[in-house]
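Colleague: I would like to go through this model with you. Could you take my questions one at a time?

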Amino acid sequence: MFDAMRPTLTAKEIRVLREIGHPSKVMAWRLGVSETTVKEYVRSMRAKFGVETRVQLAVAAWRAGFSVDELPSQMPAAYSRAELSRNP
């Protein structure tokens, strides 16, 4: 049902998609990549889904049939300054 509307995402894009509720810096730290890399993957996925924001990306991914395992993990309420200032 969703195959025609479901963009093809790479494994790395799906990893980033799972973290989409987090700030780029936190996503980079959690994934062990640079913040620039995270932003590039997000930009690529926004283009594939034809959306402008991360919220629209998460909704579009859900509507396209990505499973719960592929959708963003729960976002913590707050991050410590130490965690945000850590380099990947």
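Colleague: In what order do the elements of the chain run from the N terminus on?
Modeller: From the N terminus on, the order is α-α-α-α-α. The secondary structure comes to five helices and zero strands. Helices (H or I, at least four residues) and strands (E, at least two) are DSSP runs, numbered from the N terminus.

Colleague: And what are the ground rules for the values?
Modeller: This is a predicted model, in which local features need pLDDT of at least 70 and side-chain atom pairs count only at pLDDT 80 or more, while totals for chains, interfaces and linings use all residues. Residues are numbered from 1 along each chain as its sequence is written, and side-chain values use heavy atoms, with hydrogens and water left out.

Colleague: What pLDDT does the chain average?
Modeller: The average is 79, and 70% of the residues score at least 70; pLDDT is the predictor's confidence in each residue, from 0 to 100.

Colleague: Which elements have the lowest and the highest mean pLDDT?
Modeller: Helix α5 (residues 81-85) has the lowest, at 49, and helix α3 (residues 35-49) the highest, at 96. Over residues 74-84 the pLDDT is below 50, and this stretch has 13 contacts in the model beyond near neighbours in sequence. Contact means heavy atoms within 4.5 Å.

Colleague: Changing topic: where does glutamate 13 lie, and is it buried or exposed?
Modeller: Glutamate 13 lies in helix α1 (residues 11-18). It counts as buried because its relative accessibility is 3%. Buried means under 20% relative accessible area, exposed over 50%, and partly exposed in between (1.4 Å probe, protein chains only).

Colleague: What does glutamate 13 touch?
Modeller: Not counting residues up to four places away in sequence, Glu13 touches Thr8, Tyr41, Ser44, Met45 and Lys48.

Colleague: Which other residues of α1 are buried?
Modeller: Besides Glu13, the buried residues of α1 are Ile14, Val16 and Leu17. The face turned away from the buried side carries the exposed residues Ala11 and Lys12.

Colleague: What covers that buried side?
Modeller: The cover of the buried residues of α1 includes α2 (24-31), α3 and α4 (54-63).

Colleague: At what angle do α1 and α3 pack?
Modeller: They pack at about 100 degrees, with their axes 10 Å apart. That makes α1 roughly perpendicular to α3. Axes are lines fitted to C-alpha atoms, for helices over the stretch in contact, and angles run from 0 to 180 degrees between N-to-C directions. Angles under 35 degrees count as roughly parallel, over 145 as roughly antiparallel, 65 to 115 as roughly perpendicular and the rest as oblique.

Colleague: And how do α2 and α3 pack?
Modeller: Their angle is about 105 degrees, and their axes are 8 Å apart. α2 and α3 are therefore roughly perpendicular to each other. Residues Ser24, Lys25, Met27 and Ala28 in α2 meet Glu35, Val38, Lys39 and Val42 in α3.

Colleague: Finally, which residues of α4 are buried?
Modeller: In α4, Leu57, Ala60 and Ala61 are buried. On the other side of α4, Val55, Trp62 and Arg63 are exposed.
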